[in-house]
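Q: Could we go through this model together? I would like to start with the charged contacts and then move on to pockets and packing.
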Amino acid sequence: GTKAEASSELRDRLAAIENGEHVTTSHQTVSQFLAHFMKTYAAINTSLRTQQGYRYYIHRHINHPQYGVGGLRLQDLTGQHILSLHSGMLTQGLSNRTVLNCHRVLNKALVKAVEWNALIRNPATSAKPPRPKALNMETWDSDTFRIFTESAKNSPFMPVYHLAVLTGMRRSELCGLRWDMVD
């Protein structure tokens, strides 16, 4: 370009540095950043179960070569790339909720990238994930419940099965019960 264009670019960059909006150019990929995010932030600030969920979405979807997001340079990632990730996941038959959860993990990591001055802005904010569809939970009718209890009547876990079916409690809730909680 011309000398005037170079001077203008220099002024813009100096202003960005003074305003704290400048980030150093890096060749770190999205995949590499996510590994760093998991080792530093997630390992300290999240539960083991949350980390497992993050790892699943990162490995299975974000870094999957089919979607092409993990191999991109972090600073080249745009909202369009994230929308393509959403679209690819939906095309593969994944649910809106899975896409939303994947988006949340990526967004959380990109928020940290902005805080750590690896990005100027979070590209996930410009890519809106699909809304999850309301789920209709199917429950057993009395015949199905009777067949189940008949087949499990000799199991040592029959009282737990019975409580689960009658209350709708989840496995973790059932395992967390203590006798003093039971009336």
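A: A salt bridge here is a side-chain nitrogen of Lys or Arg within 4 Å of a carboxyl oxygen of Asp or Glu. This is a predicted model, in which local features need pLDDT of at least 70 and side-chain atom pairs count only at pLDDT 80 or more, while totals for chains, interfaces and linings use all residues. Residues are numbered from 1 along each chain as its sequence is written, and side-chain values use heavy atoms, with hydrogens and water left out.

Q: With which residue does R170 form a salt bridge?
A: R170 pairs with E173, and their closest N and O atoms are 3.0 Å apart.

Q: Is R170 buried or exposed?
A: R170 counts as exposed, at 55% relative accessibility. E173 is partly exposed, with a relative accessible area of 32%. The classes are buried under 20% relative accessible area, exposed over 50%, and partly exposed in between (1.4 Å probe, protein chains only).

Q: How many salt bridges does the structure hold?
A: It holds 4. Among them, D76 and R73 meet through their side chains at 3.0 Å, N to O. D76 is partly exposed at 37%, and R73 is partly exposed at 23%.

Q: Which residue forms a salt bridge with K153?
A: That is E150, with the closest N and O atoms 3.5 Å apart. E150 counts as partly exposed at 47% relative accessibility.

Q: Turning to pockets, which residues line the second largest pocket?
A: The lining consists of P159, V160, L163, R171, L174, C175, L177, R178, W179 and V182. On a 1 Å grid over the protein atoms alone, a pocket is an open set of points where a 1.4 Å probe fits, with protein on both sides within 12 Å along at least five of seven lines; lining residues have an atom within 4 Å of a point.

Q: What does L74 touch?
A: Not counting residues up to four places away in sequence, L74 touches Q28, T29, V30, F33, L110, A113, A118 and L119. Contact means heavy atoms within 4.5 Å.
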